[in-house]
Amino acid sequence: MARLPRLSIAGLAHHVIQRGHNRQPIFLDDEDRLAYLAALRESAALHRVAVHAYVLMNDHLHLLVTPPTAEALSKMLQAIGRRYVAAFNRRHGRIGTLWDGRFRATVIENGPHLLTCMRYIEQNPQRLIPPTPAGDYAWSSAMHHLGRRRDTLVSTHLCHWQLGNTPFERELAWQRLLDEPLTPEEVQQHTDSATKGWALGSGAFLAKLGASCERPMAPRPRGRPARSSKVDPVCP
């Protein structure tokens, strides 16, 4: 099956995944992580991309971002790649690519799907390096959303603002959501949607995107289509 064109739509949230080549580390220490966040902060500001959530793991990273134009997401990540990969290679005495091909991304509908995607991103450490609570991991946006530090990189999404009328209410509501693990089905759904390029949202949201983008928004059902019981007219 041919690779789908990558979805990139102005004004909508996108879940981005980048992995290390052959699952190799993309961060070897905290200096690397600080360098990546500096590059992300500068490039996001340059291309006016809002960063709502992130997590840096040893061999991959996740971002939840909203680009102002269809081209801004790719431009931001290309700029980060040029700056960070060159610095990483110089620092660690290596050459060649760092990433496992092009970045993966998909569009997320505002509302419950977006909040679940934020949980998916910020719960990554507690899923992959237990027993690390999401709120204790230094290299994600969780501490910002829980009020434990102010992260100037993060632009709080409207869906998060709507969790409460005060910072304390929002932080408490987010702590409750982070304390509730996603089901394996939810984890797989968000992984597949980003890695395979399928949009994630309600049926109405997917239908609207499909009409404007002229490409499938979700995988077609497996198997042959059901045979119609209608009898075709016989041509004279």
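Which helix lies across β1 and β4? In this predicted model, the answer is helix α8, residues 184-196. Helix α8 runs at about 85 degrees to β1, which spans residues 13-19.

Start with the sheet itself. Four strands form an open sheet in the order β2-β3-β1-β4. Their pairing is antiparallel. Strands of a sheet pair through backbone hydrogen bonds, in either a parallel or an antiparallel manner. The edges belong to β2 (50-56) and β4 (104-108). Each edge strand has a single partner, so one side of each lacks a neighbour in the sheet. On average, neighbouring strands of this sheet are turned by 15 degrees against each other, direction ignored.

Look now at the β2 end. Strand β3 covers residues 60-66 and runs antiparallel to β2. Six bridges join the two strands. Leu56 stands opposite Leu61 in β3.

The largest nonpolar core has 54 residues. Tyr36, Leu40, Leu63 and Met76 touch the most other members. Helix α2 (residues 72-92) supplies the largest share of this core, eight residues. Take Leu63 as an example. Leaving aside residues up to four places away in sequence, Leu63 touches His14, His15, Val16, Tyr36, Leu40, Ala53, Tyr54, Met76, Leu77 and Ile121. A second core of eight residues is separate. Among its members are Leu7, Ile9, Leu12 and Phe205.

Return to α8, this time for its contact with another helix. Helix α3 (residues 112-122) packs against α8 at an angle of about 95 degrees. The two axes are 10 Å apart. Angles of 65 to 115 degrees count as roughly perpendicular, so α3 is roughly perpendicular to α8. From α3, the contact is made by His113, Thr116, Cys117 and Tyr120. From α8, Val187, His190 and Thr191 take part. By class, this contact has three nonpolar, four polar and no charged residues.

One more residue of α8 deserves a look. Glu186 has its place in this helix. Is Glu186 buried or partly exposed? Its relative accessibility is 27%, so Glu186 counts as partly exposed. Buried would require under 20%, and exposed over 50%. Glu186 and Tyr120 are 66 residues apart in sequence. In space, their C-alpha atoms are 8.3 Å apart.

Conventions
Residues numbered from 1 in each chain as written. Predicted model: local features only at pLDDT ≥ 70, side-chain atom pairs only at ≥ 80, totals over all residues. Heavy atoms only, no water. Pairing = 2+ DSSP bridges. Axes fitted to C-alpha atoms, helices over the stretch in contact; angles between N-to-C directions. Contact = heavy atoms within 4.5 Å. Core = buried A, V, L, I, M, F, W, Y, C linked by side-chain atoms within 4.5 Å. Buried < 20%, exposed > 50% of the residue type's maximum accessible area, 1.4 Å probe, protein only. Parallel < 35°, antiparallel > 145°, perpendicular 65-115°, else oblique. Nonpolar A, V, L, I, M, F, W, Y, C, P; charged D, E, K, R; others polar.
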